[in-house]
Amino acid sequence: MSTTDNFFATPSEKSKVKTLIVTEFLKAYFPIINRSVGKEKKEIIYIDLFCGPGKYKDGHPSTPLALLDLVNNFRDDNIRKKLRVVFNDENEKYIDQLRTIVNNHDVVSKLTYPVEITNLRASDVNIRVHTFKKCPIFSFIDPWGYKDVSVAQTWELVENIGSDCVLFFNSNRFIMDINKENQLCHFLPIFGGQLEEVGKTVNNNLLGQKEKAERIVELFSRNLIHEMSKSKYSGYTLYVLPFGFEADDKEKISHHIVFITKSHKAITEMKKVMIKHSNTNHYSLLFDSKDQLQIALFHRETFIKEGIMEAVRNSISVDANFFNKIWTIDNLLEALDRYNMKLNYQVTPYSREEVKNVVEQWDKDDFVEIIIPKGRLRKRITYERKFKLKKELLV
Ligand SMILES: C[S@@+](CC[C@H](N)C(=O)[O-])C[C@H]1O[C@@H](n2cnc3c(N)ncnc32)[C@H](O)[C@@H]1O
């Protein structure tokens with residue numbers, strides 16, 4: 001029996017976390033996107049291209065059912081009036097099970113648009129019927145392996161304003177399969193011009209498995225940015241936020257989920273959710289289902305100050321004007337994320353609360369010049385406060 005045969009028996013801790021990351025983000029973000037699209041846009045679209053049966057055999061909801069429950073539980077009808085839900089899976093049996101779940105779900109009669117369910121290979125799903133509407137789309141791409149994933153389809157799904165994607169990224173499988181000639185046809189649509197570099201990374205004996213896995217996510221992100229640069233309007237800023245899952249048995253990364261968006265507000269919301277589910281003893285975002293006692297020796301806070309300091313140092317290499325600029329906490333974080341995208345093809349793993357705490361500490365150490373009108377009393381750091389960072393911070 002293969003691991004996939006057992007996948008829908010009972011959820012692993014990792015699968016539970018994956019579903020929570022998607023649904024907790026949407027709980028916060030659907031209302032935000034609903035407000036920002038205003039009345040003129042009729043639809044917000046949710047597309048799950050590899051949805052599975054909706055429920056585990058032991059009765060636990062998997063992501064499709066958890067999503068329907070979430071939408072059903074919104075207090076007012078605002079989201080339900082606009083939301084179009086699209087599910088797809090190539091497995092006929094799963095789709096039959098999902099149809100039964102959907103047909104019996106309370107939310108269905110409250111939705112303006114009927115839930116669309118198709119039984120196709122993901123690459124055969126005609127996403128244009130959704131993307132041409134220029135509505136916000138949240139897409140979930142969650143295959144078992146990497147077949148039928150492409151950077152072209154991923155970009156198409158996030159191109160519209162307000163569109164975001166959560167992509168399951170099978171880091172360890174890439175490492176295991178990259179030297180198999182017969183798999184190259186699946187890698188090319190994912191890594192494009194970066195494929196050679198992926199091969200070099202995997203075959204570099206000086207790198208550990210974790211470093212390889214992280215570098216491969218970076219190379220995917222680079223290819224996505226390249227894909228974006230070919231689009232009609234190439235002036236977007238893309239933000240990519242990876243979250244790693246450790247393998248159960250060894251000190252390895254098994255896979256990542258990668259959040260992709262053009263909105264910094266969306267990144268800020270997703271960081272909150274991912275930080276909540278990250279249990280590593282480092283600042284990188286990672287879930288480890290090993291015994292909690294083994295991993296809880298240090299806390300994230302121990303590393304944050306040094307991590308944010310490093311992000312500032314990196315930013316200066318991109319922006320010579322950094323110390324002349326006037327910041328708020330939010331636009332400092334946005335700048336750190338943008339610069340990190342330029343340098344490392346992913347955003348920083350820090351939340352606005354964490355940046356605020358560190359700036360408060362820097363303020364106490366006299367590395368912050370708070371901008372206040374003449375004659376007013378010196379104020380403390382708040383989210384609205386304007387300030388400059390002093391060069392002495394680097395000394
Ligand atoms: C990891 S499971 C999905 C789990 C689901 N997203 C959840 O969170 O509950 C992967 C699913 O992809 C489906 N699948 C595999 N290859 C596919 C393809 N090429 N096109 C569409 N579905 C595919 C499988 O049948 C399986 O249900």
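Which residues come nearest to the ligand?

**View 1. The shell around the ligand.** This is a predicted model, in which local features need pLDDT of at least 70 and side-chain atom pairs count only at pLDDT 80 or more, while totals for chains, interfaces and linings use all residues. Residues are numbered from 1 along each chain as its sequence is written. The ligand has 17 residues around it, and F50, G52, S62, T63 and D148 come nearest. Here, a residue is near a molecule if its C-beta atom, placed from the backbone, lies within 6 Å of it. Sorted by class, the shell holds six nonpolar, five polar and six charged residues. Ala, Val, Leu, Ile, Met, Phe, Trp, Tyr, Cys and Pro count as nonpolar, Asp, Glu, Lys and Arg as charged, and the others, Gly among them, as polar.

**View 2. Strand β7 and its two partners, β5 and β6.** Look for β7 at residues 253-261, where eight of the nine residues are buried (20 or more other C-beta atoms within 10 Å of the residue's own, all placed from the backbone). Strand β5, residues 164-169, runs antiparallel to β7 and is joined to it by six bridges. You can find D164 opposite T261 of β7. Strand β6, residues 239-246, also pairs with β7 in the antiparallel sense, over eight bridges. There, F243 has I257 as its bridge partner. Two strands pair if DSSP finds at least two bridges between them.

**View 3. Where domain 1 touches domain 2.** The domain assignment, which is automatic or from a database, gives domain 1 as 3-292 and domain 2 as 301-394. Their centres, taken over C-alpha atoms, are separated by 31 Å. In this view, 20 residues of domain 1 are in contact with 14 residues of domain 2 (C-beta atoms, placed from the backbone, within 7 Å). On the domain 1 side, the elements giving two or more residues are α11 (209-229), β6 and α12 (264-277). Helix α12 gives the most, with six residues. By class, the residues on this side divide into ten nonpolar, six polar and four charged.

**View 4. Stepping back to the protein.** Its secondary structure comes to 16 helices and ten strands, counted as DSSP runs (H or I, at least four residues, for helices; E, at least two, for strands) and numbered from the N terminus. The radius of gyration, 22 Å, is close to the 21 Å that the globule rule gives for 395 residues, so the protein is as compact as a globular protein of that length. That radius is taken over C-alpha atoms, and the rule is 2.2 Å times the number of residues to the power 0.38.

Note on methods
A residue is buried if 20 or more other C-beta atoms lie within 10 Å of its own, exposed if 12 or fewer, and partly exposed in between; C-beta atoms are placed from the backbone. Two residues are in contact if their C-beta atoms, placed from the backbone, lie within 7 Å.
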